[in-house]
Amino acid sequence: MKNILVVFGTRPEVIKLAPVILELRKYPHEYNVVICNTEQQKELSNQTLEYFGLKADINLDCMRENQSLISVQSRILTALDKVFEENSFDATIVQGDTMTVLCGALASYYRKIPVFHVEAGLRSYDIYEPFPEEIMRQMTTRVAELNFAPTEKNREALLKENISEDKIFVTGNTVIDALFCLSDEVLNKAAEFFRKNQIPVDDKLVLITAHRRENHGTRIDRIIDAIEYLAKEYSDHTFVIPVHPNPNVHDKIHSRLSKYPQIKLLKPLDYPYLVYLMKNAKLILTDSGGIQEEAPSFGCPTLVMRYETERQEGIDAGVSVLVGADYDKIIDYSEEVLSKSKSGSRLQAQNPYGNGKSSQKIEKIIRNYFTDL
């Protein structure tokens with residue numbers, strides 16, 4: 001039996017690693033899976049774990065309010081060092097490009113324990129877009145023993161960086177696997193939640209998320225300007241914004257947009273509630289990476305409020321449009337969708353990020369890796 005440590009700290013990491021954990025735990029004679037939550041997003045990550053019926057074996061409580069990148073990195077590394085000191089692991093699994101990912105990979109590497117990187121090979125090649133994630137994922141690649149690339153484009157990026165071909169596997173993205181975990185019962189509960197809170201989920205729903213660090217400051221001001229304009233021009237639509245708790249985002253959004261009855265400002269939503277909104281939205285505006293991957297499964301037009309995206313496949317497939325924090329672009333592209341009926345704006349393209357079987361592929365690759373040692 002192999003002892004495998006799975007390290008995460010944010011909600012997107014939980015969503016994308018939960019299907020992998022569940023798949024590995026189908027084989028209790030092969031793997032002992034230990035779940036470690038750095039709690040980089042304490043409330044959000046634990047909330048999402050519960051949805052998947054999972055609970056962390058180790059909680060590190062590493063976050064502090066308004067801490068610097070250096071301080072959080074040192075805190076997570078120190079806490080993980082103790083985890084590795086007190087336990088014996090055969091491999092560490094990390095996902096994506098957060099501070100937790102980099103620290104999990106480094107702490108494992110320092111102990112000469114193999115690192116398996118889920119969602120490897122995403123690149124913008126601009127070290128400040130997204131910041132600091134672009135550098136974190138590039139550094140994680142350098143120490144990873146297995147790189148699970150969602151798409152062929154991601155594989156090609158890794159090959160260009162001289163990563164050995166036998167360390168790269170195209171698997172699709174596990175975020176699509178997570179969507180297939182949703183039952184009708186769960187979605188019905190989500191529908192009831194919005195009914196009780198008097199939030200119309202109909203053919204005139206616009207879902208908006210904005211939280212990325214590079215959009216703080218004047219960029220979030222421009223994004224809010226655009227949302228305010230759209231809410232006035234399309235006052236018969238409902239604009240739902242699950243507001244990120246970071247005060248750089250939260251305070252500005254509430255101070256500017258809370259006065260509009262058609263704008264519903266919510267606390268961060270549990271995963272199935274967010275999926276329910278994506279499934280029913282007429283338009284999505286987001287700077288999230290995960291939503292770029294999930295929305296195509298529902299045929300929903302998506303405007304990506306970033307200047308660079310490492311998820312170029314969606315742009316190439318025409319399922320999303322890169323608009324940055326550009327006021328005019330956000331307005332122009334939004335009006336193209338909002339001026340039509342929902343049925344007239346649906347997308348027919350296939351989701352370029354996967355078919356829901358990525359976790360099965362990853363488990364087989366891990367099994368073969370240990371068999372070949």
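Leaving aside neighbours within four places in sequence, lysine 16 is in contact (heavy atoms within 4.5 Å) with Gln95, Glu119, Asn173, Thr174, Val175, Gly290, Glu293 and Arg311. This is a predicted model, where local features need pLDDT of at least 70, side-chain atom pairs count only at pLDDT 80 or more, and totals for chains, interfaces and linings use all residues. Residues are numbered from 1 along each chain as its sequence is written, and side-chain values use heavy atoms, with hydrogens and water left out.

**Lysine 16**
- Lysine 16 sits in helix α1. Helices (H or I, at least four residues) and strands (E, at least two) are DSSP runs, numbered from the N terminus.
- Its relative accessible area is 3%, so lysine 16 is buried. Buried means under 20% relative accessible area, exposed over 50%, and partly exposed in between, with a 1.4 Å probe and protein chains only.

**Nonpolar cores**
- The largest nonpolar core has 56 residues. Such a core is a set of buried Ala, Val, Leu, Ile, Met, Phe, Trp, Tyr and Cys residues joined through side-chain atoms within 4.5 Å.
- Phe52, Ile93, Phe116, Tyr271 and Ile366 have the most contacts inside this core.
- Helix α1 (residues 11-24) gives the most to this core, with 7 residues.
- Another core lies apart from it and has 30 residues, including Ile224, Ile253, Leu283 and Leu303.
- Phenylalanine 116 has contacts beyond four places in sequence with Ala91, Thr92, Ile93, Val94, Glu145, Leu146, Phe148, Ile366, Tyr369 and Phe370.

**Threonine 140**
- Threonine 140 is placed in helix α5 (residues 133-143).
- Its relative accessibility is 1%, so threonine 140 counts as buried.
- Not counting residues up to four places away in sequence, threonine 140 touches Val94, Val101, Leu102, Ala105 and His117.
- Threonine 140 and alanine 91 are 49 residues apart along the chain, and their C-alpha atoms are separated by 14 Å.

**Overall build**
- The protein has 15 helices and 13 strands.
- Of its 373 residues, 57% count as buried.
- Among contacts between residues at least 6 apart in sequence, 69% join residues at least 24 apart.
- The C-alpha atoms fill a box of roughly 60 × 40 × 40 Å, taken along the principal axes.
- With 373 residues, a compact globule would have a radius of gyration near 21 Å; the protein has 20 Å, which agrees. This radius is taken over C-alpha atoms, and the globule rule is 2.2 Å times the number of residues to the power 0.38.
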